Structure formats: C-alpha cells, structure tokens
Number of protein chains: 4
Amino acid sequence: MLRPLMLHEIDEEARASSLVYTFGGVEPVATLLRGTDLRTSTLDCFAGLVRRAEDLPSVVCDPRYLNPQTGPFYVEGARPGDTLAVHFASIEPRHDWGVSSTVPFFGALTASRDTALLHEALPERTWIYDLDSAEGQVHFRALDSGLTVPLPLDPMHGTVGVAPPLGEVRSSLTPGSWGGNMDTPEMRAGATCYLGVNVEGALLSFGDGHARQGEGESCGVAVECAMDTTLRVDVVSGVVTPWPRIETDDHWMTTGSAKPLEDAFRIAHTQMVRWLEDLLDLSTMDAYQLVAQVALTPVANVCDTVYTVVCKVPKAFFPGVVAMHGVHDALRRP
Amino acid sequence: MLRPLMLHEIDEEARASSLVYTFGGVEPVATLLRGTDLRTSTLDCFAGLVRRAEDLPSVVCDPRYLNPQTGPFYVEGARPGDTLAVHFASIEPRHDWGVSSTVPFFGALTASRDTALLHEALPERTWIYDLDSAEGQVHFRALDSGLTVPLPLDPMHGTVGVAPPLGEVRSSLTPGSWGGNMDTPEMRAGATCYLGVNVEGALLSFGDGHARQGEGESCGVAVECAMDTTLRVDVVSGVVTPWPRIETDDHWMTTGSAKPLEDAFRIAHTQMVRWLEDLLDLSTMDAYQLVAQVALTPVANVCDTVYTVVCKVPKAFFPGVVAMHGVHDALRRP
Amino acid sequence: MLRPLMLHEIDEEARASSLVYTFGGVEPVATLLRGTDLRTSTLDCFAGLVRRAEDLPSVVCDPRYLNPQTGPFYVEGARPGDTLAVHFASIEPRHDWGVSSTVPFFGALTASRDTALLHEALPERTWIYDLDSAEGQVHFRALDSGLTVPLPLDPMHGTVGVAPPLGEVRSSLTPGSWGGNMDTPEMRAGATCYLGVNVEGALLSFGDGHARQGEGESCGVAVECAMDTTLRVDVVSGVVTPWPRIETDDHWMTTGSAKPLEDAFRIAHTQMVRWLEDLLDLSTMDAYQLVAQVALTPVANVCDTVYTVVCKVPKAFFPGVVAMHGVHDALRRP
Amino acid sequence: MLRPLMLHEIDEEARASSLVYTFGGVEPVATLLRGTDLRTSTLDCFAGLVRRAEDLPSVVCDPRYLNPQTGPFYVEGARPGDTLAVHFASIEPRHDWGVSSTVPFFGALTASRDTALLHEALPERTWIYDLDSAEGQVHFRALDSGLTVPLPLDPMHGTVGVAPPLGEVRSSLTPGSWGGNMDTPEMRAGATCYLGVNVEGALLSFGDGHARQGEGESCGVAVECAMDTTLRVDVVSGVVTPWPRIETDDHWMTTGSAKPLEDAFRIAHTQMVRWLEDLLDLSTMDAYQLVAQVALTPVANVCDTVYTVVCKVPKAFFPGVVAMHGVHDALRRP
C-alpha cells in the first residue's frame, strides 16, 4: 500500500488486534515506502495493564502477551542480504505517566529462569512515575519512604527488530541478531538503527517505549510507557549487517546480544573492528588496536533472555568518513 | 616517617629495586600521612622495555615482571574494617610517547589462557603513540597503512590497590576486591578511589598508567606510559567497603571484578543498591528500582584475569547528599 | 489417524519432503497413539550430504537445512501442562558408516558466532567412520597419520523435542526447555525422555542420530549417522515438566540448557532438587543436601547455541521410589 | 630430611600449629623423598569445629581459618618446569562421622559473593553423617523428615596443590593451575595427581577430605571428614604440566579451573587434545576429533571461587600407550 498506516487513527479494539508478540511468524500490517514518514504509536510492555502501584505484573498480565509490538511492517525493496535503516525522528510519551516494577525471577540482581537458584522471589512491586514532557522530567517516588527524585526524560524504544533468520519465530522478549528486545538507551530520537534483512520486506516491528532507562536495566523493567513515534526507513542494498548497528550524529555503534555478557561484548567489539576496517581501510590488527583505545562500552541490558552490549565510537575522531552510504544523514533531513 | 617519600628523587637503580609485582607479600617502602601530598612516578606496564614497534612484549619482557607497581605505602591509621580514600590530584605522562601492543593469548577478542581454544595466537604487534601534553593529544599511527588519528589525551591509572584479605598475595595483573588491575578510564585525575582495608596500613600500591584507554580495553593493552602522579590519602574509619568505589565531583561509582562479566555487573550494581540505601535511606527494593533507572554502566576491562564493570550514578540527581563523610571534597581541596 | 506412520515405508522423495528444521511452526505428519510402537528412521545432521573425507559441510550443505528432524508427530491426548514420555526402544545405525567433521566457527574449542574473536577459522575436516553393528564398534581413522582406534558403538539421538512455548519456532540446531538439540549421550535406547507439553498434541520431532559422542561434543559434531529407531510414547497428565528429564532403569536425570554453562548446571541441579523433594517428600534444604552428595554431572554439549548439562541420580539409592507414575517401566515392557 | 614426617605422631597442639591456609607463602614442614611413603592425616574443612547439627559454620568458624591443609612438603628434586606426581595409596576417614552444611552465600544454587544478588541467604543448616568404613557406607539423615539414605563411602581429597606461579599466595579455598581446591571425586585412592612445579621443592599441601561428594558439589560442602592418608610422590623431570592432570589404572584425566564454567571445560578439553597429540603422535585436528568422541566430562565443582571441570578418557581405548614415563604404574606398585 502506498499510504503508510497511521495506527493512532485506528480505534482501540482494532489496534489491539494488530499487536504482535513475536518477530517472525506474523503477516505484515502495512507496507512502508522508503523515505516516507511513519507516525504511529506503541503500547507499553505490559500492554497498559499495569497502571497503579497495586497492579502486579504477575497478577494482571498474561505471560503470553507481554511486550506487544507495533507491526510488522513490510519495507518496500528490502531483500535478504540488505540492511534496513530505521531512523527515529521522534519518540514521545503518549501519556503523562510511566510504570516500572519488579517481576518475580526476572532481572539482573535476582535468581532467574536461567540463573536457577533455590531462593524465593524478591518482592514484586510497582512504581508509577509522573512524566512531565514540558519540563523534560520523570519523577521517581519511593514506595517505602517519602523520597522523590526528578530525573531527565530520555525516551527510547527498548525493542526494534525484523524477522529472524532460519525460519525462526522469536518472542518479543528476546534480543538477537535480528534486533528485538535489545533495551539500549541509545535507541532514542535522532538514532538510525541498522538491521540485517532476513526475509523479503524485512518485517519491521518495534515497541517497548521507555521514558528513561539505566544502562543494564538491572531490575528488568525501565520506566515503561506508551509512545507516539515517528520514523522513516531506507534500505542499504547489498550491505550485510550481521548484528544491529546504530548511528547518531555523533557516534557509530555496534551491538551484540549473547550470554555470558563477555560474549555480547565480544560480538559488539568484533563488529566494530570489522566496521572500522571497512570505513578506514585498516588492517584487522590496526582496527583492533584503534577500537581498544577509542571504544565506549555502555551495557544495554543484563536482564533479558540474552544480554546486550553496545560498542560506541565517536565520529568526530574520523572527520569526513561516511558509513552506510550516508543513509543516516539522508534520513535525518527529510 | 613524617616526610612522604619522593620517589622521583631516587636514582633509577634504587627505584627499580623498589618496584613490586604483587598486592600483598611485600614490605612498605614508605609511610603516608593522611592529607599530605605524595608526588611520585610509575613505570609503564612493560617497565619501559617496549619502546619501538620492533619490541615485542613476549620477547623483551619477562612474564614474571609485568605491570610494576609503585609502593606499597603504609597509610598511617588505616586498619582492617576501614576504608582508604586515595585522591588523584594529577596524573601526567612522564614522557612524550606511549605504547600499546597485542600480546599472544591476551585480550578480549582472542583465545586466551582461560578461554582456551585451539587457534594460533593473533599476530603480536607494537604501536608507538606520540603524546602531546600541550595539545592534549595522543596520536594513533596505523602500522599497515598511512592512517593517523589524533585522540584526546585522558591519563589514568589502570592499577590501584591494597593488600588482599585472607593472607593472599595477588599478581599486579589481576583485579579484585582489593582493587588491583581494574583498568577503568574513570581512574583519572580528580577521582577519589575508595578501597577496603584488609591489613594494618592498607599497603597501597599503584601503577599501570594509560595515556588513554577504550572502555573494555579490548586488545588487552591501553596507551601505556610512565606517569608523574600526585595523590593524597585519607582513612574513613569504621566504614567497610567490600569492593572498590570511586567518587568524582560528578559521579558516585561502584566496581565489580569477576567472571563471567555479568557477575562483575551484578557486584557493581548490588554495591550501588547498597550504597544508595545508605545515602538516601531507602528500602532495598526502592534502591534497586532507582539504580535500574539512573545507572550508567561503562565496562572497564574484558581482558584481565577477571573482568571489571563500573556502575556510575550522577550526583546531581541527589543534591546535598554526601558520601563517605565528605572525604572526596576534603581531599580535592587541600 | 489410528495406524502410526511407518516412515521407512515411504519412498525417499516423499520422505525428504517431510523433514523439518524447526521445533514449532510445522504441521504434524502423523498422529501417535499412546503405547503404540513407532518405527521410523532419521537422517543424519547433514541430511546425508557429507559422505566422504572430501565433503566439507560448509561446501555441500545449505545452512538453512541442517539437522533435519523426523516429525512432528501429534501425540493423542497431550495437552499443555502435561508431560510427554518418549521411550526409545531401539536406536540402530541405518548404514555401515558415520561421519564427523569440524565446521568453521562451530564447536567448544574454537571462536564461534557468540564467542566472536578475530581468529581465522580452524581447518574444516571430515572424518568417515566405519560402523560395525555386529561387533558393536565405531572405527576412528586419523586423517594425518595411520592411527585407527576402535571405539564402542553407543547409538543415541542428539535431538528430541516438542513445539516450544510462547508461539516460538526454534531451529533444530538449538536446545531449550522444549528439548531440541540437547546432544547428550544419555538419550540412548532404554531411556525415556520426559518433555513438557506446550501445545495440543505436543508435536514431537527427533533426529540427529549419533553412533557415539563424547560428553561435551567438543568439536561440535559427533559420529553422525542415519538411524532406524523404534519408540513409544505416553502422556503423564497434569504433570508439568519445566525442563526435559530422562529416566532409565538405573537413573533419574534432569537437564538444563543455557549459557553460561554454570546456568545449565544450575537449572539441571535445581530441577533435581525439586524432583527429589517430590519423590522423597523432602524439604528443599534436605533435597539440596542430598543432591550435593549423590549427583553425577556429565556435560552434554558445549557447542550448540546454548549448552546442556545433565544431573543424574542413581535410582538404587532409593529402592521402591517410582517417578512419573511409573510410565518408564510401563513403556519399556510393551 | 630422610625420614618422612609422620604427622599423626605429633601431638594435637603442634599439629594445629602446622596447618596452613594458603598455597604459597609458607615454609615447608618436612621434606619428602621420591618414592617413600608419607602417612599423615588431614583435618576436615572446618578444622573439626562443626560436629553437631547445632554447629553452624558461620558461627563456629573463623573465615580466615577454613580448609586447613597439611603441609607444605618440600619434594626433593622438584624444580620449576618439572611435574610433581602425587599418588594416593590410601585415603581413609579418621573418625566415624562426617559433616556437611549449607553456608550463607556459598554454593551453586544460591546467590554468592560473585553472583551478587539481592536475596537473603538460604538457611544455614548442618547435617551429620555416620560413616561406616566396614560396610563402606555414609548415612544421610534428613533434618526435616525421617528419611535416611545409606550411600556408598567414596573417600577423596578435595584439595591438593603446590605453590602457585608469579609469586602469588592463594587461599586454600580456591582452585587453579597449581591445583588447590579442585573438589573432584576423581581424587580418590588409586589416583595419581600430576601438578606443574612452580618453585623449588614444589611445596605440596593437601586436605579437605570428603567421605563422598556429588559431581559439582552443588551445596558447596561435601561429606567432610578428617582423613588418614598415605601417599607417595615422584618427579617427572622436564615435563611441563600447565594444569593438573590425574591418572588412574583406567583413565587419563585433565582438569581446568575457571569461570565461566565453559572456560573450565575449554581448558580441560584443550589440555586433553594436547595430551593425546603427544601420547598418540596425532595432529591437532585429529586429536580434537578423537577427544570429541571419547571424552567423559564430569563436573568437579561449581561452588568455589572458580569452577573445575574434568575431562576423562579411558586408557583401554589405547592399549600399550604410557603417559608421564609410566610414573603412575611405578608409584602404585611400591
């Protein structure tokens, strides 16, 4: 279809029916043309069911329907072996509240499904945050004391991805080479996400908006909120992207999602070595040396089914060098 | 002794003889008074033996004498159960050059002693960097092409620590609860490092200066250089610090050193949860929630015998809150 | 259908078309009645395409069509929340040869997709084994010297599983809570495998026959061969099995599949603690103590997308105790 | 000294004073001649302080004095670069009781010092076992129910090691390349342990007797007991042993101690590949292939500061092949 779907024009019932919980395995809801704006919205990771401190995720949510994604979108012209570029022009909280919680056996500082121990679960609690977009603030309120802390609003999407390879269908709760639930604060407005295309049309979905998130998302849940998001896409033909990358005006970034966490680090850093080899026409050992001295390495998440690490290099060190045929610059200036 | 030792006043031979290669197991070279400046110098991690691109560490260095430390210093008044505060007032490259290299089976992106695989070693190469302190620059020069890249000078100490607990003597190549070879770029001038004291006098040593280092130190070697360093110490009596912490004017930081890397993350983040519980009088679950939304998590090293992760929280979010009885502020303003 | 499908009666072409490469996402090829024998066959993990030392997997195989499974079978009466019991009555090599190989960036002792390093791949080699069923032997022949070593034939299935939860479709190359590519030598004739049912009919598939395999499958490939297999199934209604278990005449076994390997260990051992709590009416701490003193812990695989560990307890220590309502005994005596 | 020390002839007080808690850092208590029997005894890991169900380790033990070792012994003729062979001729419980316990934040199925989480500790409990050497039985008695389970007596030493390299002094609680607290049930009477020598005289210590232990020692504590032990030693000159190996009449074994657990596996398996290369004059790839098909891989411990994995190959597959110049055969037939 030529006209991009405006999901927020659709009534709630129809919209809910179009939500998806996997990457792969579902039919596209619309076709995106390269370069055209898509304005749409996403639900929060609890599908809006956790609204008050009394709402506990394990009570009010069905584990089969967590982290709903908007999509998938068939991207015109995207073919296996290409790279899909997804530029987030704006990401804005849809409501004036966000929510976080602890979830039994989920998070970095608790026994979990994989780190299976004999402890009882930590307490399940829910925190409601006030979001003040005008002031650019997110208000933390302690549950067990009177402390309140205003924090900077810093909206992002925790989950962005395409259909996986090998015919797999993966839960929207997991990250991987197809993107998915990477949960990095770097996926904010102004960023272009590069994803390797595995199937015709790529089948882009996204969701899991966070009003802000610490690096590592240690309790497993950020300040979750529904988002109004504008993005535009392009396709870099014939460029293979084995693991998701991100470009902003200031940085090139590579990601890796794996366990143990050092494997996520190794993936992200080898990907950056390979990228700098290409961008700067360097030998592998020279690129390795350079990455070792210039990389920033913010941890993205240590709570999901596999963990994600970002390797981040300032573009200012390499004036005039253009990545991905300049698609980031092209997308950010419509 | 009342007068702090000026190591750079000592002739080279005497100085070399005072270098140490372990934390624990060696007698102190001098006593430090609380609040008095110590101006001294450190050798680079190769003890100055790798000076040209032709110098390969595995050829010119004895593996028993890597990463020489200056010290140990007996800190007056430091007793087991206290916290030693070490403030780095200045860290300045001693020479106009630095060196990096790849070392066989050492680094994040190679088979290694522990990640024991059947590959041949990656090539061993040495890069010499020009350091321009006036311009604040470190010059990368590719070995296999003509590329040169000026990078910001950002001096730091890779290794800072005290005698370990349990009577252990640990190589200066390894990090742990006693500090040691943590290799975080956060250990720059202006930072105060907090270390739990295990033995009378703490027995502080430090070294492993880096003109700059990427987060993760992926090739295993930063831009290594001898340093002229000024520090001053204090003791926070009766405050136990299980894992090293760092404070700057802008951030509180906790560290964890362990494998796999997620355990380093878990240590650093639980330490920050415990710290914010104390500083803000929060319940554990409230502190966990808060850390999950505010933490920055730069990886320090993924190359040493265990890996180090830093958890970093902006102090600006918590105006008026003072950590460690204000020792950082006291030390930075002599 | 009432009559179980005899796959070996079907001509080759039809048979190939019925092979599947995922757990989940495919329609059942036949229905299995509880207690009735299924005699069928499976192809080797290379689908029979690697037959000579000159055949290299990366050349002759399409990575999308590795590890073909026979199935899936709809098991009558299996519902979500039940446990499927699969008893292997016999597993016999179909041919007089087997094959192993090294595959680039696959295996425990090489850089790999997740343990992403900068090494070149190890050499890709193929070993052909003679299988002598009469003598019960598998003949290793060195490629680079004259050494030959007769080894005991010990046939098993590397891959046995059902459709995964959460609507996921998973490659037959991966193990998980649904079973899949666990690659444990314990899956030999005489064993009953217990699998939690996630969808109506369970959708059982299996394949990846090994004439023998070392514990850990360190090079990533066992002595692979096509198999003639007879199995029978039953359903333990209302019994939830979170991770695959195995019962033989002599042992109860639990499995865990995760990374890092200690998480696979933790899953298998917590599962055994929980099982002994139930079987022996023990408190959690008593069961933990008992497992700590009686468990055998053979590693299954350290090469697949996640690793598998088996926890194994001798039934002789607990005379008269019956697991899973005695379904193992019932299935082994038709 | 010519006459080996009979520690059990020494009075209790003197004996206690000769116990050591580290590998390295202590003076030898006696010299061992090659081939002469040493009969001595070891205390249990709690130094005999936990004797009743009411005795909790965290109450009655000082954490600085856990896991006392008997030694160190200076082995005549052992020089850096040699291999020390330690043959256990007999290992017999000294008393008719043994003890196990859970210890706060220690064990495979609990949050721990490194796997730092926010859970409260699991309950600390102590189990006393009756040891019946005549019947060859160890009696488990549940604390919270009436269940008793007789288990086979299978005495072993959890800790055997020499002084570490690099001048390090390591706690007897940790395993590593010098041996130490490997906690493998394979260290039973009849086994010969091979340890690389790092310092003149090797400085052998051992202790931590277990009446029996499950593979993985999941709760962190085996059936601990004092032992009467007879061993004899020899030196294999000029043979470097990077990681401890074990030989019995039936098996060759390699060990690896590291985290994550897959690194312990990788070390043990690469060591076995290298050993079979030597023993069978094989190429690396042939040895890798062979190990992949013949290795048994029992996990030793997943509770200590690093974890230990054993790789085990049946000698029967290789008739006539002799390892380490036949020292095992020589030592077992005095």
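## Salt bridges

A salt bridge here is a side-chain nitrogen of Lys or Arg within 4 Å of a carboxyl oxygen of Asp or Glu. A:Asp263 forms one with A:Arg266, and their closest N and O atoms are 2.8 Å apart. Both residues sit in helix α3 (residues 261–280) of chain A, three residues apart, which is about one turn of the helix. Over all chains, the count comes to 75 salt bridges.

## What you're looking at

This is a predicted model, where local features need pLDDT of at least 70 and side-chain atom pairs count only at pLDDT 80 or more, while totals for chains, interfaces and linings use all residues. Residues are numbered from 1 along each chain as its sequence is written, chains are lettered from A and ligands numbered from 1 in the order in which they are written, and side-chain values use heavy atoms, with hydrogens and water left out.

Helices (H or I, at least four residues) and strands (E, at least two) are DSSP runs, numbered from the N terminus.

## A sheet in chain A

Let's start with the strands. Chain A has an open sheet of six strands with mixed pairing, in the order β2-β4-β15-β10-β13-β12. Two strands pair if DSSP finds at least two bridges between them. Which strands of chain A are at the edges? They are β2 (30–32) and β12 (175–176), each of which pairs on one side only.

Further in, strand β10 (residues 156–161) and strand β13 (residues 179–180) of chain A pair in the antiparallel sense, over two bridges. In that stretch, A:Gly161 stands opposite A:Gly179 in β13(A).

## How the copies are related

Copies are superposed by least squares on the C-alpha atoms of residues with pLDDT of at least 70 in both. Done this way, chain B can be laid on chain A with an RMSD of 0.0 Å, using a turn of 180 degrees and a shift of 0.0 Å along the axis. That's the relation of a two-fold axis. The same surface serves both copies, since 100% of the contact residues of chain B recur in chain A; contact means heavy atoms within 4.5 Å.

Chain C can also be laid on chain A, with an RMSD of 0.0 Å, by a turn of 180 degrees and a shift of 0.0 Å along the axis. Of the residues of chain C, C:Val169 comes closest to the rotation axis, with its C-alpha at 2.3 Å. And 100% of the interface residues of chain C are also interface residues in chain A, so these copies meet through the same surface.

## Where B meets A

Now for the contact itself: 63 residues from chain B and 63 residues from chain A take part. Buried area is the accessible area (1.4 Å probe) that two parts lose on being put together, summed over both. Chains B and A bury about 5,000 Å² between them, 63% of it on carbon and sulfur atoms. On the chain B side, B:Met285, B:Tyr288 and B:Gln293 lose the most area to chain A, together 15% of what that side buries.

How many salt bridges cross the interface of chain B and chain A? The rule finds zero. It does find 38 residue pairs in polar contact, both at pLDDT 80 or more. A polar contact is a pair of N or O atoms within 3.5 Å; within protein, one must be able to donate a hydrogen and the other to accept it, and residues adjacent in sequence count only if both atoms are side-chain atoms. The largest share of the side of chain B that touches chain A, nine residues, comes from α4(B).

## Where C meets A

This contact takes 29 residues from chain C and 29 residues from chain A. The two chains bury about 2,400 Å² between them, 59% of it on carbon and sulfur atoms.

Across the interface of chain C and chain A, the rule finds two salt bridges. A:Arg170 forms a salt bridge with C:Glu168, with the closest N and O atoms 3.1 Å apart. The largest share of the side of chain C that touches chain A, six residues, comes from α3(C).

Most residues other than glycine have a negative phi, and most peptide bonds are trans. Still, the peptide bond from B:Gly71 to B:Pro72 is cis, with omega near 0 degrees, and B:Pro72 lies in strand β4 (residues 69–75) of chain B. The peptide bond from B:Lys259 to B:Pro260 is cis too, with omega near -5 degrees.

B:Leu166 has a phi near 60 degrees, a positive value in a residue other than glycine. You'll find B:Leu166 in the loop between β10 (156–161) and β11 (170–171) of chain B.
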